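Hello,

Here is the structure we talked about. Please look it over, then read the notes below.

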Amino acid sequence: MAASAKSFLADAGYGEQELDANSALMELDKGLRSGKLGEQCEAVVRFPRLFQKYPFPILINSAFLKLADVFRVGNNFLRLCVLKVTQQSEKHLEKILNVDEFVKRVFSVIHSNDPVARAITLRMLGSMASIIPERKNAHHSIRQSLDSHDNVEVEAAIFAAANFSAQSKDFAGGICNKISEMIQGLATPVDLKLKLIPILQHMHHDASLASSSRQLLQQLVTSYPSTKMVIVTLHTFTLLAASSLVDIPKQIQLLLQYLKIDPRKAVKRLAIQDLKLLASKTPHTWSRENIQALCESALHTPYDSLKLGMLSVLSTLSGTIAIKQYFSSAPGTAATTVRSFDLVKLAQECCYHNNRGIAAHGVRILTNISASCQEKDLLPLEQDAVFGLEALLVLCSLDDSPGAQTTLKITLTCMVKLVKCRPHLSQSVVESLLTQLHSAQDAARILMCHCLAAIAMQLPVLADGMLGDLMDLYKLIGRSATDKKQELLVSLATVIFVSSQKALSSEIKTVIKQQLENSSNGWTAYRIARQASRMGNHDMARELYQSLLTQVASEHFYFWLNSLKEFSHAEQCLTGLQEDNYSSALSCIAEALKSYHKGIASLTAASTPLNPLSFQCGFVKLRIDLLQAFSQLICTCNSLKTSPPPAIATTIAMTSGNDLQRCGRISNQMKHSMEEFRNLATRYGDLYQSSFDADSATLRNVELQQQSCLLISHAIEALILDPESASFQEYSSNGTALVESEYERRMMSVFNHVLEEVESLNRKYAPVSYLHTACLCNAVIALLKVPLSFQRYFFQKLQSTSIKLALSPSPRNPAEPIAVQNNQQLALKVEGVVQHGSKPGLFRKIQSVCLNVSSVLQGKSGQDYKIPIDNMTNEMEQRVEPHNDYFSTQFLLNFMILGTHNITVESSVIDSNGIVWKTGPKTTIFVKSLEDPYSQQVRLQQQQGQPPSQQQQQRTAYSRF
């Protein structure tokens, strides 16, 4: 097992001298045994890094046992260091194999005469509560320490009691009365009561326990009206209600009551904070009366800080189901009465408030109402929202302070949301943004450009007439090379690319290049080129990549940029395609393929072991194969002219019973072509499934490529191979689906056009006529004329997820097989660790891991026996849910046939939506199945002609059953 840890974790860390797991542990163990306190402490505090680097049970178990020894015999400072390490490494605790031994070593310190040592031990036990929730000796020690006369020990016991109450139902039930007595006891100091009360938030394991805790908290709120006591009790009340779920409506009412009646601002602020927690966690429990009460409080409060807090709660609620309940359960919901609602009045009043935060929440509420209540005629509200957003835009874009930038981000997010659900407002919103761009600060301009690009990606609102304004602004940007200016250059260029999707004029290209030469660095030019590739402006991208080739320091970067230049050139070749000109189409595709082959060679050279560029290589290889398939299809269509069917084709068709044979060789070629496109569609599907970390736009791009393959294969089938059974229902596009980009919009338009053409030709003429081949060729040209978009995941990986597997037993040498007797079963243990990058779960999260184990017989040894087919192969699958990024399971495998078996373990992940992603990895080990000694002895005796003894006969007969 330890040997497998070495190979399993060989590539876990970077930047420092690499050691395998055992060497790293021995290095730290040497420090623990040092006689110097400083070296011991240094060794202890380096353990979390070791766990992060080698998150493997056998190492973690050994390391924690060593730490427990240090805890048992060291001084209090060392114990404190071990406690901190344990708290930092909480997610690795469940990988400790010898829990009993670990707890025994730690627990021995609880009997010390030193109250500080006992306090550290209690905190240590509390930190380990997740792995020892039901240890009675730990429960007893905590109860006993609560009665201690030493404050440090009592505080540690409170910490441990809170942690154990969260994990153990028995402990929570047993300690509840003790806590209650201490809180109500006159001898308990007030500051201790304030620390004891939060333990009650964990009393949610059953209804009766939660109910008794609520009653106690209710008594405390009335009995102890001091500010601190009320704040702690109310917050504990809220957390208990949020965990137990049944009392949330009562809690909302209680908090609203305190917000309305209690004169203390601190209590009001706490009530608002807790209401926001409940609004984000359980918005469906808010009734219309609750929202109405909150609106009234906000309308009547004279304090801006409290109004801001209440509006933040209402803006959270306005983006949830609660807003629909508010309007639907109201007595009158006609369009005339919408403005009479208190919530709407409040939002309108706040839109132009002199406090920016209050104004931002006001417009967010109006935007959310307009977005979620689309069945109502809310024209007045829409106008109010737009005017409020424009006012805030003017106010915040002229201010460079961080507060103004935060408010501006909220404003621009609301603009995008409003335009998305109410497209008719897009023109006025875009015009106000363009007008304000000239006078805004640089930081605000960057955000406004992002907003313009987001709106223009969804709706084609940026007309060519607006390009002039953008180009003027591009020229005006100063020659300073500050970060803000560089960022602004990229943002403005993006908006220009989005607004002129079809082609950039030479004038625009000249302005962009001049500005880059004057004031930009190479990184800015690369980012602009990357955006040009995303938007399909490949001519511009190619020139920028070409200019950057000599500015990079590493040959890997050179090859990467060279490959991007070649891909851009290849796509640029395809822009010259024209309908009905098939010979020039073939030459354009050939030219593009030439550049693509050069590019893929460069891309392969750019990959490194740490960055293998697997998605990029897969995507480009598929694009090459797709272009070759398109070229082959045009050649096949041309073959109707160059190689028409022979004179005897009709006779052949009649004798063979296959009507398509009368078309000659083109029918077989079309069948091959259709299979090729279906195969390409399957491969695009595999690329999609292997891209777990990709953003949604990249996945949609891959999906569109797959759909184009399916479309062409369907067109071949419908026009030529099987016109009678062709169905167009499943291929009709869904008009209501929201299009996310201009590329998608144009692809969908081509799909619909091709389907209409195919449907109009279908069954009108007998296949194969020149009309059929022309329709297919024009479909290919129409698909290729849409410039390919290289999406974000091609350049940038925002989310990184990988799985590392370790198998046990594992051989010392990977090529060496594991020996197993054929009358025994092998218990294969599969362990794994999920490793994340800096933004785990940004696009999707792992719900469970699917492990597939299969075995294949490599080579037989010995005689062939008649064995049931079930025993010849092993094919098993298990799903396991990772806990703290670790999972473990076992498989029982049969190897009845003698010989060498190849076992393959493959992992795939299932996300929270239930979609399976084939992320890998795939691990292989070899098993050698050997004949058991007794069977071998019997066989040898039979070969030598000796009858087996009576005892042996009995055993043989028994073994048959």
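A salt bridge here is a side-chain nitrogen of Lys or Arg within 4 Å of a carboxyl oxygen of Asp or Glu. By that rule the count is 32.

Note that this is a predicted model: local features need pLDDT of at least 70, side-chain atom pairs count only at pLDDT 80 or more, and totals for chains, interfaces and linings use all residues. Residues are numbered from 1 along each chain as its sequence is written, and side-chain values use heavy atoms, with hydrogens and water left out.

Salt bridges

Asp885 pairs with Lys91 at 3.4 Å, N to O. This pair links distant parts of the chain, 794 residues apart. Asp885 is partly exposed at 22% relative accessibility (buried is under 20% relative accessible area, exposed over 50%, partly exposed in between; 1.4 Å probe, protein chains only). Lys91 is partly exposed too, at 37%.

Arg683 and Asp625 meet at 2.8 Å, N to O. Arg683 has a relative accessible area of 30%; Asp625 has 23%.

Lys36 bridges to Glu39 at 4.0 Å, N to O. Lys36 is exposed, at 54%, while Glu39 is partly exposed, at 36%.

Asp69, Arg72, Glu101 and Arg105 form a salt-bridge network.

Questions welcome.

Best wishes

Terms used
Helices (H or I, at least four residues) and strands (E, at least two) are DSSP runs, numbered from the N terminus.
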